[in-house]
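Please open the model in your viewer and keep the selection panel at hand. The stops below are meant to be followed in order.

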Amino acid sequence: QVQLVESGGGLVQPGGSLRLSCTASGITFSLYAMGWYRQAPGKQRELVATIPAGNSANYADSVKGRFTISRDNAKNMVLLQMNNLKPEDTAVYYCKANRPPFPTIYYWGQGTQVTVSS
């Protein structure tokens with residue numbers, strides 16, 4: 001049984017930082033590309049950052065220079081360090097694992113709420 005469990009969300013003031021973590025089980029983690037996505041109320045889910053097995057990260061323009069994605073294959077974990085948070089970063093953040101080159105093999109976590117507000 002595959003599980004992706006996110007943690008680290010919460011309430012933070014503008015300009016603050018949070019670190020999200022996602023721990024995977026039930027998959028050969030090193031073979032999967034990992035990503036963080038977010039969904040704000042009334043909006044579609046959007047990509048935040050991805051990191052393939054080769055560790056070459058990609059970011060949405062809106063978070064470049066503020067967010068950093070990393071992975072620890074020994075711990076089956078992907079992290080998202082979020083700095084200089086803005087109110088528009090408020091959303092539910094989801095972890096996703098997908099198995100290249102098979103587009104139909106992917107898994108989602110349950111999501112963790114991030115709220116940026118003063």
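The tour goes from a sheet to a disulfide, then to a hairpin and a core.

Before selecting anything, note that this is a predicted model, in which local features need pLDDT of at least 70 and side-chain atom pairs count only at pLDDT 80 or more, while totals for chains, interfaces and linings use all residues. Residues are numbered from 1 along each chain as its sequence is written, and side-chain values use heavy atoms, with hydrogens and water left out.

**The open sheet**

Select β1, β3, β8 and β7, which in that order form an open sheet of 4 strands with antiparallel pairing; strands are DSSP runs of E with at least two residues, numbered from the N terminus, and two of them pair if DSSP finds at least two bridges between them. The edges are β1 (3–7) and β7, each of which pairs on one side only. From one strand to the next the twist averages 15°, with axes taken as lines fitted to C-alpha atoms and angles running from 0 to 180 degrees between N-to-C directions.

**The disulfide**

Now show Cys-22 and Cys-95, whose sulfur atoms lie 2.1 Å apart in a disulfide, a term that requires a pair of cysteine sulfur atoms within 2.5 Å. Because Cys-22 lies in strand β3 and Cys-95 in strand β9, the pair ties together parts that are 73 residues apart in sequence. The link of Cys-22 and Cys-95 is left-handed, with -75° about the S-S bond, and a search of the whole structure finds 1 disulfide. Both Cys-22 and Cys-95 are buried, that is, under 20% relative accessible area with a 1.4 Å probe and protein chains only.

**The hairpin**

Strands β9 and β10 (residues 102–108) run antiparallel and are joined by 4 bridges, and a hairpin connects β9 to β10 through 2 residues.

**The core**

Finally, select Met-34, Trp-36, Val-78, Leu-80, Met-82 and Tyr-93, which touch the most other members of the largest nonpolar core, a group of 29 residues. Such a core is a set of buried Ala, Val, Leu, Ile, Met, Phe, Trp, Tyr and Cys residues joined through side-chain atoms within 4.5 Å. Among the strands that each supply at least two residues of this core are β4 (33–39), β5 (46–51) and β11 (112–116). Which residues is Met-82 in contact with, leaving aside its neighbours within four places in sequence? They are Gly-16, Ser-17, Leu-18, Leu-20, Arg-66, Phe-67, Tyr-93 and Val-114, where contact means heavy atoms within 4.5 Å.

Methods:
Buried means under 20% relative accessible area, exposed over 50%, partly exposed in between (1.4 Å probe, protein chains only).
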